[in-house]
Amino acid sequence: MLARFCAFVSLLTALSAPLLAQTIFVDGDLTTGGNNGSTWADAFRGPGAVHDALAIATPGTEIWLTGGTYVPTDSLDATARFEILQSGVTLRGGFAGTETSPFERPAPGTLPTVLSGDLLGDDGAVGGGPSDNSENVVVIQGSRTTLERIHVAGGTVAGLSGMIVQALTLDRCVFENNSGAGAQLMTSGLELSIRDCRFRSNGGDGLDLWVSKFGVPSERFEVVRCSSTDNGGNGFRIVLTVGALEISHLVSARNGGYGILFPTFDEVLLAPAMYHCTVVGNGLGGVRMESCACIVAQIVVADSIIWGNRSPEVSGVAFPQRCIVSDRGDPDPLFVDEASGDYSLSPTSPAIDRSELSPFVSNALDAARQHRDVDVSGISNGLGTVDLGAFEFTGSIGDHGGCDARANSTGEVGRLFARGSEVAADNGLQLRADRLPPQQFGLFLASRLAAADPFNGGLGTLCLGGTIGRFNGPGQVRATTPAGTLELDVDLTRIPEGGAFAAVQPGETWRFQLWHRDVPATNQLTGVVAVRFR
């Protein structure tokens, strides 16, 4: 059985990942090649590179951009901006300029792709400032637009602007140092997903969002795992008309206005709900819903920490459910380091295990992209508890996002945790998987590269690319426990890599996944965890 699986993995990893169809390449620093965007060697280059790519984009096009700074004009025209007019266009940033797959990019933040309205490049200089900047850096008019790992800065009205955007995905983007709002968007109709984004040090609101679904079904309508900090206005300003929006795992701190504001709006409103947010130290208050002509006039605020904001911490909202709120005498949540902006929970925090688990968070990642660590001890509802606020106290390390697992025969999605030290020299890493079928064989896998390929020959998604190593040494291939768990202590000096072994070096990222048998006799995979060692 294992031999058949290993032969399958060898065949799979021998194949090179094909380029996505309709991919346009942009490298602003390139000085050679055909300047036509067809390959990295012939990528669009120079000041007009991004405009050239957008001009030939068609529905379904992906534009890959190397790290670096791109401005919309080499003049001082404040109306110049990057315009996404065509529908179905994806901008992906953070490339080095050699990749054949987005999964081959270095870790997020390593090579930031900055779309900047700072036309003179003097915003940080003595005597410089935004007076010569673009009004809006990026303007979206097409539907089904995706921005991934794009950093937007230097706009005087807004870094990102979009009106009546019918479907939008923002993934791991940064909106920073815009003298207006970080992003100012009006969406309607189809789909909205804003996840793992950072809105920081903008002069206006971090995120100013108007959402109108008008009863149209959608796959996703969410603002999750985002942070908004040190903005002059509100952290998040969200106007919701008809429809429902998932608002969860947000961090909003040290903003001049409210942490999260739901403003006045004279329309029929389905009450929004926010779960597992951390709202700290905002100048006008924590969470506020202003008066509106609504069918349901109260927002649901649950499982959150609202601390140290201007009093009243919560206004226009019914009694917060399962929350810690400072101005009503609740205990200090004991953040790890509130003064430096670390709002994760210390080991003695009263927020630990204070929230009853619900289907809403049963498989969710927290704001640090860690699995919620469910405590089932002494819980009568049979579901267990998780922690209040945006962060779960788990002791885990690594990053769990970017590759979706599928449920196994238990009805749960198999999860993989990494615990111990991220310091390579400590050689102290343990892998632990749970929510697995009991008494079934499992085999841990490792790779330096990521992927997201359907698992041919089984269920789930193979999240590892390149050369995949198998921990199949003596005692490493074992059956899951009756409780459906499996653990492995990893020797970082001997990570399997093909037919050899590698020693982990500082600065490297290794990804781990677990293959296991399922019931009935099928092959299955857990989710993935990526650990960047130092």
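1. Ground rules. Residues are numbered from 1 along each chain as its sequence is written, and side-chain values use heavy atoms, with hydrogens and water left out. Since this is a predicted model, local features need pLDDT of at least 70 and side-chain atom pairs count only at pLDDT 80 or more, while totals for chains, interfaces and linings use all residues.

2. The overall picture. The protein chain has 2 helices and 44 strands; helices (H or I, at least four residues) and strands (E, at least two) are DSSP runs, numbered from the N terminus. Of its 534 residues, 53% are buried. Here buried means under 20% relative accessible area, exposed over 50%, and partly exposed in between (1.4 Å probe, protein chains only). The accessible surface comes to about 21,000 Å², and carbon and sulfur atoms account for 53% of that; these areas come from the Shrake-Rupley method with a 1.4 Å probe, and for residues only the protein chains shown count as cover. Take the contacts between residues at least 6 apart in sequence: 64% of them join residues at least 24 apart. Contact means heavy atoms within 4.5 Å.

3. The ten-strand sheet. An open sheet of 10 strands runs in the order β3-β6-β9-β11-β13-β16-β19-β22-β25-β27, with parallel pairing. Its edges are β3 and β27 (324-325), each with a single partner strand, so one side of each has no neighbour in the sheet. Two strands count as paired if DSSP finds at least two bridges between them.

4. The four-strand sheet. Another open sheet has 4 strands in the order β32-β33-β34-β40, and this one is antiparallel. At the edges stand β32 (396-397) and β40 (486-490), each with a single partner strand, so one side of each is left without a neighbour in the sheet. Strand β34 (residues 429-434) is joined to β40 by 5 bridges, with Q430 opposite D489. In a regular strand the side chains alternate between the two faces of the sheet. Look at β40 with that in mind: L486, L488 and V490 make up its covered face, and E487 and D489 its uncovered one.

5. Helix α2. Which residues of α2 (residues 49-56) are buried? They are A49, V50, A53 and L54. An α-helix has 3.6 residues a turn, so residues three or four places apart point the same way. The cover over the buried residues of α2 includes β1 (23-26), β2 (62-66), β3 (68-70), β4 (82-84) and β5 (90-95).

6. The cores. The largest nonpolar core has 60 residues, and I63, L91 and I194 have the most contacts inside it. By nonpolar core I mean a set of buried Ala, Val, Leu, Ile, Met, Phe, Trp, Tyr and Cys residues joined through side-chain atoms within 4.5 Å. Apart from it lies another core, of 24 residues, among them I397, A424, L488 and V529. As for I194, leaving aside neighbours within four places in sequence, its contacts include L170, L185, F199 and E222.

7. Salt bridges. There are 24 in the structure, each a side-chain nitrogen of Lys or Arg within 4 Å of a carboxyl oxygen of Asp or Glu. R105 and E148 meet in one (2.4 Å, N to O). R105 lies in the loop between β5 and β6 (113-116) and E148 in strand β8 (residues 145-148), so the pair ties together parts 43 residues apart in sequence. Both R105 and E148 are buried.

8. Two more pairs to check. R172 and D399 meet in a salt bridge (2.6 Å, N to O), and the two residues are 227 residues apart in the chain. D399 is partly exposed, with a relative accessible area of 21%. R172, D196, R225, R369 and D399 are also linked in a network of salt bridges. Elsewhere, R448 forms a salt bridge with E508, with the closest N and O atoms 2.8 Å apart. R448 is partly exposed at 31% relative accessibility, whereas E508 is buried at 18%.
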